[in-house]
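Subject: Structure for you to look at

Hello,

Here is the structure I promised to hand over. Please open it first, then read my notes below.

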Amino acid sequence: MSAELANALAVSLQGALGDVKIQGLKRLSAGASRETWSFDAVASDESHELILQRHRSAASQLRGGLDEPELLRCALAGGVRVPQIVASDTSGENSIGAPFMVSRRIQGESIPRKILRDDSFAGARRGLVADFGRELAAIHRLEMDSGDQITAIDDPLAVQRMLYEAFDDPHPVFDLAFRWLDQCRPQTRQPCVVHGDFRMGNILVDSGGVAAVLDWELAYIGNPAFDLGWLVARAWRFGEVGEVGGVGTRSELLDAYRANGGAAVTLEELRWWEMLACLRWGVVTMAMVADHRQGRSSSMEQAVIGRRVVETEYDVMLLLRPEVLGKALA
């Protein structure tokens with residue numbers, strides 16, 4: 001399989017790099033929707049360190065018609081730290097046999113526990129919150145020429161309610177969260193490009209801080225506060241005490257975001273979006289365990305993630321402070 005893929009890569013890269021030989025092809029991950037491979041494309045005069053992300057079948061389509069390679073090109077031009085796209089094809093009608101994109105390989109670490117605990121990242125950790133604020137502000141300033149290729153979500157709470165109710169599996173804690181979120185909606189903000197999954201695990205970090213923002217396949221047009229709330233959710237602290245991905249406080253994040261041109265999101269507004277983030281993660285964990293129970297997936301990882309439904313309920317209760325809980329129960 002590797003030899004076949006190497007030949008297909010050489011053909012796909014010919015227009016961008018000329019004649020190359022593919023060396024060191026190594027699979028890094030194989031997710032539910034796409035595979036990630038590392039390799040070198042060697043030409044007569046230079047070698048290119050590259051990453052392939054390939055959807056698992058020709059029928060696999062990007063969510064909502066999102067042209068992720070085009071979005072990444074736009075992000076790079078807009079000052080966001082992202083890999084440079086070398087070649088891509090979202091149609092699936094290519095030598096690779098599926099939608100794919102090839103990007104420059106950036107050195108760094110994405111495993112949260114290493115970033116948060118290894119001494120080699122001690123210096124980087126001190127500046128990560130400021131980096132997060134800078135990158136999110138830059139993302140939310142992006143303007144895409146082909147904006148119709150990104151799904152617009154006006155009411156993310158309604159989306160989560162629809163998904164939750166489809167399970168017919170009531171969780172009283174989640175019901176309380178839905179009630180409070182519906183009662184205490186924050187102000188609307190000018191819609192913009194939202195990353196959709198900006199968190200530890202999707203950030204590449206080197207000794208200097210954020211090296212690249214990865215995994216844009218959930219991007220959409222919506223409220224910029226969504227990304228802030230998702231980032232501070234307790235699930236993405238990986239056992240550390242910092243409120244922002246285990247490394248800082250909510251106030252520090254909002255200050256850094258505003259300092260880089262982001263909207264003046266308040267702490268109370270952020271709490272609403274953090275609650276939505278916890279609820280969203282709870283719905284995701286419910287979906288994973290449902291897939292396992294009903295035989296749609298044999299993944300042990302999904303089965304294990306299912307136990308996090310209870311952890312997410314605990315996170316929701318932490319956010320439902322006594323005064324908030326009283327209002328939700330009213």
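Is the crossing of α7 and α8 left-handed or right-handed? The crossing is right-handed. A crossing counts as right-handed if the near helix is turned clockwise from the far one by less than a right angle, and as left-handed if anticlockwise.

Some ground rules before the rest. This is a predicted model, where local features need pLDDT of at least 70 and side-chain atom pairs count only at pLDDT 80 or more, while totals for chains, interfaces and linings use all residues. Residues are numbered from 1 along each chain as its sequence is written, and side-chain values use heavy atoms, with hydrogens and water left out.

**The helix pair**

Helix α7 covers residues 225-232, and helix α8 covers residues 250-259. Helices are DSSP runs of H or I with at least four residues, strands are E runs of at least two, and both are numbered from the N terminus. The two axes come within 11 Å and cross at roughly 150 degrees. Axes here are lines fitted to C-alpha atoms, for helices over the stretch in contact, with angles from 0 to 180 degrees between N-to-C directions. The pair is therefore roughly antiparallel, a label for angles over 145 degrees.

Which residues meet? From α7 come Leu228, Leu231 and Val232; from α8 come Arg250, Leu253, Leu254 and Tyr257. Contact means heavy atoms within 4.5 Å. By class, this contact has six nonpolar, no polar and one charged residues. Nonpolar means Ala, Val, Leu, Ile, Met, Phe, Trp, Tyr, Cys and Pro; charged means Asp, Glu, Lys and Arg; the others, Gly among them, are polar.

Ile203 sits in strand β7, residues 203-206. Ile203 counts as buried because its relative accessibility is 1%. The cut-offs are under 20% relative accessible area for buried, over 50% for exposed, and partly exposed in between (1.4 Å probe, protein chains only). Beyond its neighbours within four places in sequence, Ile203 contacts several residues, including Glu109, Ser110, Phe132 and Val213.

Gly201 lies in the loop between β6 (192-194) and β7. At 24%, Gly201 is partly exposed. Leaving out residues up to four places away in sequence, Gly201 touches Ser110 and Pro112.

Val310 belongs to helix α11, residues 308-319. Val310 is exposed, because its relative accessible area is 56%.

Best wishes

Conventions
Angles under 35 degrees count as roughly parallel, over 145 as roughly antiparallel, 65 to 115 as roughly perpendicular and the rest as oblique.
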